[in-house]
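Visitor: Please show me the model, and then let us go through it with some questions.

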Amino acid sequence: MKQTLTTYIKDFEFKTIIGMCDFERVTPQKIKINAEYQSNDFIDYVEVINFIRYTYDDYKFEKLEDSLKIISEKLKENFQNLISIKIEIFKLEIIKNAIVGAKIEVVY
């Protein structure tokens with residue numbers, strides 16, 4: 001019997017350097033990550049959360065879209081059992097009356 005496990009990460013918030021504007025390159029801003037991934041075996045969501053957090057801190061991305069591409073590639077490299085992933089990222093404080101974000105869906 002073949003099975004597929006789906007794991008969800010909702011409303012993971014942290015501050016990191018991300019963005020193209022000068023002030024965004026020096027001042028960490030709050031982002032929110034939602035993820036849904038499928039695997040054929042258990043993948044510890046705490047490890048995934050920590051991996052995401054440290055990757056954002058290491059890369060200090062400029063574009064949301066680039067961050068999602070690299071994160072999805074790096075996750076597959078580190079978690080071989082991944083079958084697919086959907087990741088959303090939101091900047092919570094960059095615009096006063098809006099939340100902006102991006103999403104990627106990858107089937108490996």
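Visitor: Leaving aside neighbours within four places in sequence, which residues is lysine 32 in contact with?

Guide: This is a predicted model, in which local features need pLDDT of at least 70 and side-chain atom pairs count only at pLDDT 80 or more, while totals for chains, interfaces and linings use all residues. Residues are numbered from 1 along each chain as its sequence is written, and side-chain values use heavy atoms, with hydrogens and water left out. Lysine 32 lies in strand 2, residues 29-39 (strands are DSSP runs of E, at least two residues, numbered from the N terminus). With contact meaning heavy atoms within 4.5 Å, the residues are Asp11, Phe12, Glu13, Glu88, Ile89, Phe90 and Leu92.

Visitor: What is the length of the polar contact that joins the side chains of lysine 32 and aspartate 11?

Guide: A polar contact is a pair of N or O atoms within 3.5 Å; within protein, one must be able to donate a hydrogen and the other to accept it, and residues adjacent in sequence count only if both atoms are side-chain atoms. For the side chains of lysine 32 and aspartate 11, the value is 3.3 Å.

Visitor: Which strands stand at the edges of the sheet?

Guide: The open sheet has 4 strands in the order 1-2-3-4, with antiparallel pairing (two strands pair if DSSP finds at least two bridges between them). Each edge strand has a single partner strand, so one side of it is left without a neighbour in the sheet; these are strand 1 (5-16) and strand 4 (98-107).
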